[in-house]
Amino acid sequence: MNAAMALNITTPTEAWSECLKLIKEHVTPYTFNTWFSPLKAVSLESEKLTIELPNSYFYEWIDHRYNNLLNKSIKKVLGEEAILAYKYEDPQSIERREAEERAELQVELKKPMTTLIVPVPEVQKHESNLKPSFTFDNFIKGSCNQLANAAAFAISASPGTTSFNPFFIYGGVGLGKTHLAMAVGNRVQELHPNKKVIYLSLDNFFIQYVEAIKENRQQEFSSYYQTIDVLILDDIQFFIGKEKTQELFFHIFNSLHQNNKQIILTSDKPPKELRGLDERLISRFNWGLTVDIQPPDFETRLAILNKKADEYNLQLSDEILEYIAMNVTSNIRELEGCLIRLLANVTITSREIDINLAKESVQEISTTKRNNITTDAISKIVSDYMKVDENKLRDKTRKQEIVLARQMAMYLTKELTKSSLKNIGLYFGGRDHTTVIHACETIQNLSQNDTNFKETLQNVRTKIQLACS
Ligand code: ADP
Ligand code: MG
C-alpha cells in the first residue's frame, strides 16, 4: 500500500493540498502566500502530479529554490515513485496566444452574414496606448482626489457631452493623474467600444509632430487627431517652449470641442500658472472643469497600502501598515515602491515580516529614490531642455546660456543626488567646489526673483524625476 492509498487520495487537488500542508511547515507564511498559494494542481496520472504555475518566472524561482522541498513533500504524499511535473506558459507564448485570439476575432467579425446584414465593426487600427491596469476599480478614493474621481467617472459615461470639457487634472508627481486619465479612457472603451480613445504624453505628441513635419505629413497628422473621440494629453506643462506644437494643438482642440469630442489634459500646475502657454489655450482650458489632486492624507495612504498589499498577497499587521503610512508621505508611487521593496526583502531573505524589516524597506526606498537620479541623467536632461550641447557643460565655454545651463545642472545635482560639492565640480569640467557653491546661489536667487526661470527649473526637475523614477 503506498502513501496515497493510505491517505485515500484520488484527485490532483487532494494530492496537492496534502503537499501544501507539508510545505507550509517549512517556509514563512509570506513565501507560502507569494509562491505556493497561486499554484494549482491540474492532473494526477498514476504517480505523476502536474502543477500549473502562473508563468515561467514562477517556474524558475520555485525550481531553483524549492525543488528539494517539493520533491520531498510529494514523495511523502504519493510514495517514493512520485514525480512532479510543471505546466506554465512563457510570456511569449501568452503574447502569441493573445495575438491569435485577436486575429480569430477579426476573422469572425469579417465573416459574411447570410441572413442578417450587420455592419462589420472596423478593426481598430489606432493604438490607444492605455494601460489596462489603470482602472476606476483599483483607484482608491480619498478626500485628496474625490472631486477629480467623481468628475472623471461622470465623463466616462458620456464623453464630450458633459460640461466637463476639457477636463483638466493637475497635481504633483505620483499622485494619480495618469492613472485617473487612463481610467476614463479604459472605461469609455468598455462602455462605448466604437469610440476612438487615444492617450499621449505631451512629449510623444511633440515627437510625432516633429516626425510628421520631417515627412511633410502635417495635414494628415492634424486630420487624424481630429477624428479621435477622447483625446488624453498627459503632462502638458511640457508645452512650454514648443510654440508650433501649441499652435497645432489649438486647431485640434477647437475642432474636437466643436464636435463634442472629449479632451482630457493633465499638468503639474493649474492652467493660469502655465507660463509660456498661449493665452488662447489657457482661456479655452477654462471652458471646462479644472480639478486638482492633492497628496494623500494618512487615511488614504493606509487604504492604498491595504489594497496594494492585498494585490501582492502580502499580509501586514496594522503596526507595519501604519508605520509605512506615517513615513512614506510624499506620493502614491512611493507607497507602491515601498511594498515592492518589502516583498523583495521577504522573498530574498526568507525573513518574517516584522516592523524592523518594514523600517529597513522604508529606509531603502528613501535612499534609492536619491540614488536613482544620476548626474549623467541630470546633465543630459538639462542640456536637452536648455538646448545646449551637453559637452559644453564640461568645457571652458563662458557663453551666457551655457553658463546658466551648467549652473542649473550643478544646482540640481546638489539637490537631487548625494554627490559632494567637490565631485559635482569635478564632473562639470574639473571645476572647484567654490564654483559649485556660487552656481547654487545664483540659481537660487534667479528662481526667487524670476517666475519664468522658476518655472523652467521646476520643469527640468520634474523631467529628471520622471526619467529616473
Ligand atoms: P502621476 O501621473 O500623477 O505622476 P500616476 O498616475 O502615474 O501619477 O500614479 C503613480 C502610481 O500610483 C501608479 O502606479 C498608480 O497606479 C498609483 N496610484 C496613484 N493614485 C492612486 C490611487 N488613488 N489608488 C491606487 N493607486 C494609485
Ligand atoms: Mg503621470
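Select Arg 280 together with Phe 250: in this predicted model, Arg 280 lies over the face of Phe 250, at 3.8 Å from the ring centre, where a charge sits over a ring if NZ of Lys or CZ of Arg is within 6 Å of the ring centre and within 35 degrees of the ring normal. Go next to Lys 463, whose charged end sits over the ring of Phe 238, 4.1 Å from its centre.

Now turn to ring pairs, of which a search of the whole structure finds 15; rings of Phe, Tyr and Trp (its six-membered ring) pair if their centres lie within 6.5 Å, and planes under 30 degrees apart count as stacked, over 60 as edge-to-face and the rest as tilted. Select Tyr 224 and Tyr 225, which are edge-to-face because their planes stand at 80 degrees, with the ring centres 5.2 Å apart. Tyr 224 is partly exposed at 28% relative accessibility, while Tyr 225 is buried at 1% (buried is under 20% relative accessible area, exposed over 50%, partly exposed in between, with a 1.4 Å probe and protein chains only).

Moving on, select Phe 249 and Phe 253, another edge-to-face pair, at 6.0 Å centre to centre and 70 degrees between the planes. Phe 249 is buried at 0%, and Phe 253 is likewise buried at 0%.

Finally, select the aromatic cluster whose members include Tyr 224, Tyr 225, Phe 249, Phe 253 and Trp 287.

Residues are numbered from 1 along each chain as its sequence is written, and chains are lettered from A and ligands numbered from 1 in the order in which they are written. Local features need pLDDT of at least 70, side-chain atom pairs count only at pLDDT 80 or more, and totals for chains, interfaces and linings use all residues, while side-chain values use heavy atoms, with hydrogens and water left out.
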